[in-house]
Amino acid sequence: MSADMSSGIKRRDFLKVVGVGGAGAALTGCSTESAEKLLPYVVPPEDITPGVATWYTSTCGDCTAGCGIWVRTREGRAVKVEGNPNHPVSEGALCQRGHASLQHLYSPDRFTGPMQRVNGELQPISWDEAEVLLAQQIQGAAGNVLFIGGSMGPTMADLVDQFLASVGGSRVEWDGLAEAPLREATRIAFGSDVVPHYDFESADFIVSFGADFIETWISPVAYQRGFARATGVDAEGNKGEFVYVGPRLNLTGQNADEWVPIPAGGEAAIALGMASVIAGRNGNAGPYAQILQAYSPEAAAEATGLEAATIRELADRFQNSPSLAVGPGVAGQHRNATAANLAIHILNSVAGNVGTRVRLVENAQSAASRPYGEVEAAIRSMASGGVGVVMVHGTNPAHGLPPAAGFDEAFAGVPFKVSFASEPDETAAMADLILPDRHFLEAWGDASPRPGVYSLQQPAMEAVPHFDSKQTGDVLLSVAARAGSPVGPATTYDHLRNRWQALHQSVGAAEDFDAWWRGALKEGVVNVPVPATEEPAALRQPDAALIFDQPAFDGDGEFVLMVYPSSRFGDGRHANSAWMQELPDPVSKIAWHGWVEIHPAAAERLGVEKGDVVSVTSPHGSVDLPVFTYPGIRDDTVAIQMGMGRENSGRYANGNGVNAMTLLPAEAEQPSGGLVHLATRVSVVPTGDVYRLATIEGSDDQSKRGIAPAAYIGSLGQSEEEGYAEEGGYEKKPLEEMQMLGGFGAVQVDGKAKDWPLPGTDRGDYADPETPRWAMAIDLDKCTGCSACIVACQSENNVAFVGEDQLRMGRDLAWIRLERYYETVDASHAGTLDVRHLPMLCQHCNNAPCEPVCPVVAAYHTPDGLNGQVYNRCVGTRYCANNCPYKVRVYNWYSYADVPEPLNWQYNPDVTIRNTGIMEKCSFCVQRIREVQNKAVVEGRAIADGEVVPACQQSCPAEAIVFGNIRDTSSRVAELVENERTYRVLDKLINTQPAVHYLKKVTFHEAEDGTH
């Protein structure tokens, strides 16, 4: 236990979580009832064994995707979140934000209890007093009650609506990532008021008109998995194609095979141009035939600066394959966004994709899609004095809305303002009463993220004792009763069970409800069969006048401004997490602070370089940011991400970056009512200042080292790779190595990972041929660079964060580094795109350069082939790091693990917490290996292939990582290392004989392999 933990928490509070044993019987009288329920070790509970993990199923509440999760607890404390493999949305994977939910659960900045503002200052108040006060204020408001909420699960939404009906109030929803234009376009096109579900896996040709489905769009984990299955090369050498159409390459765009860099707002013209070609052949345009005639490929080409032949060629490929078009997403929500989404619907419809790869079935909870127009009306009502009590839950409009919306002024004028925020935010900073909600890992709820999927959210632990929180649903039910308008059962849990009893009856389950309910809690999800396909919905006559032309932009600046969602922070709700702040942005590789993306040619025109600070000014505001020169953006466009610039949040969010929303107008797009994000032109002026970027970017060029080579799809199965002698002068010859610890001379070795121990070192424990040799294979044709593996590793292995200043000095402690190399990126015209992502971690080399140079043998090899590190033997010479050609060993310069209480509760007790002066690196999650080995020994059996799953593999939505015993010839990893695409980084140059094998990315163009 750290010093912080031992001194920062009362003994009684500690017992609430970890329980008592032995003399604990004498403490029962003074302990709390909840502590006795949680861990009464006098009579050990059946589901908790000290030192053994207990897992709970639940649903991730950090976005609207509704991924199913497993929560690992130790002694009643949540220490790891993973994807639920039984859940059809997550299928066992999880994004980086889901992993970081632990940091919000244990955030030291959470409110410690209810707070009331008295004379401008927040003061503690009891829950009883707070609920009585709110009930009195609601009674006095005479029905003028407003509830502003984020996206909620079905039960919570129903409970809130019942509460508002009882007290006389209304609800509006605000989510900064809402897809209102997409929903409205779906209603116009097909008469279905839903956000569609997209099946990427069954498509062979995918076109994204700006949608960032790998990072932020609708359901990133599910969509990324489907995309990887569609575009990863299969055993027969087949591979789906992906074309990205848009002015800026987000991470999704970086994974495309081709890039069509159209001007901002030009996606509707391209989609209609493609649709006109297809409809001209099959006559499926329906009521849009006349519109498509006006948008011939020639007309679309003239509007966007493309060649008509390019549009026709895209249409041919789209029609002749199982295809899918998506977009444009939040970053592309301009003044004609509904029309742009409608154009993409038309394209999918004429190609026959609606009903198969585009599903329109309504479900209980769709993606966030409520329009900004509803909030705009609520702001007018608040400003005019029409609201007596306003309550805000699950959203932060004071930060997420443009200042021009007038929310702050209108909100401040409401007589009584309530926030249910669990930790400080800009909206709560203006509230009169704060009633801190529980984190989703402490609360009951549910979700229905897609048709036929009903997912439960259950508490994985008792509420963190540092924070006197209460579930918002329970608060509303109590307040309704105090106000004389009771609403059904007294708890959220009871409401949840009542709704699920109705589901139990509708599915016709044979077992009684209690047994069925326990099974649902165990599985975490109930799947109701839905048809694999739908009846294709016919295009309907449009009931609104739409303009498909490029939108108008405010101002006369040189550049169009793109404000795009952050893969780490979303719209800002995840910003107060040190893991998210320190995670390098997948595109820029910058952490902790903001930046503005500018094309290198535009930067040269402005006379600025990477790191130079510029002033970005729109007609609505101005911000100063350092420059990040990025070849993946048009030279007439600049981009800034959302979610930063927090001012009244927690310690990790405040002061980092700028709020890009200050540059935007407060305008609702018509007819959807969605907030316009792509709306303005900006001027960019150098300030003369320089800001040293906190980045891990390194080189964008492989420098002919063959770190991330590629294979042309036409070459697969043709011939084996030739040696270096034919390509650059390196002579291919048998490898000879002097074995240090047991070798007696030079021996010839094959160098395969499964050959460990090397000849001459097979002594003692190393000689057993039954000992596994653990190895990993990473398919670069599937890896998207999403960075979920980095945060999964950080959570599993207690990897510390170091902060912006330390990161700027190169002291990043992450065990996995996502490298990114630009091979072919050209924003001047449509053509081939080749960006390669490579996760770099300890390679666990057979012939490890780090081991012989360690003077205290802290770096050593285990009998099962792991490159081990003895922490308490390490004296910090860093010779091993200097000798590592992969630069994957990191050094603790300070006590980074001493974090504020109770953030240290996130630490995994199975992994040592490292301190000052220790060298560390990837261990292949050795604790998971040993756990499975010990279990197999107890059960008297061999370890099954796939039974050991390191955190990075478990988390990967793209299924790019495979781990196992390479000596087991039937294992997946043994099969993959024999693949013709497999190589080992730098091995042919330096003979390190790594255990990590990479499979080359497969391209549709002749690709250089990156070697000399």
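Biologist: What makes β1, β2 and β3 an open sheet, and in which order do the strands lie?

Modeller: This is a predicted model, where local features need pLDDT of at least 70, side-chain atom pairs count only at pLDDT 80 or more, and totals for chains, interfaces and linings use all residues. Residues are numbered from 1 along each chain as its sequence is written, and side-chain values use heavy atoms, with hydrogens and water left out. The three strands follow the order β1-β2-β3 with antiparallel pairing. β1 (54-59) and β3 (77-83) are the edges: each has a single partner strand, so one side of each lacks a neighbour in the sheet. From one strand to the next, the twist averages 30°.

Biologist: Which strands does β4 pair with, and in what sense?

Modeller: Strand β4 (residues 115-118) pairs with strand β5 (residues 121-124) over four bridges, in the antiparallel sense. β4 also pairs antiparallel with strand β16 (residues 433-434), over two bridges. Gln116 stands opposite Gln123 in β5, and its bridge partner in β16 is Leu433. Two residues separate β4 and β5 in their hairpin, and Asn119 in the turn has a positive phi of about 55°.

Biologist: Why is the protein chain called as compact as a globular protein?

Modeller: First, the protein chain has 30 helices and 40 strands. Its radius of gyration is 29 Å, close to the 31 Å that the globule rule gives for 1012 residues, so the protein chain is as compact as a globular protein of that length. That radius is taken over C-alpha atoms, and the rule is 2.2 Å times the number of residues to the power 0.38.

Biologist: How many of the residues count as buried?

Modeller: Of the 1012 residues, 62% do, buried meaning under 20% relative accessible area (1.4 Å probe, protein chains only).

Key:
Two strands pair if DSSP finds at least two bridges between them. Axes are lines fitted to C-alpha atoms, for helices over the stretch in contact, and angles run from 0 to 180 degrees between N-to-C directions. Buried means under 20% relative accessible area, exposed over 50%, partly exposed in between (1.4 Å probe, protein chains only).
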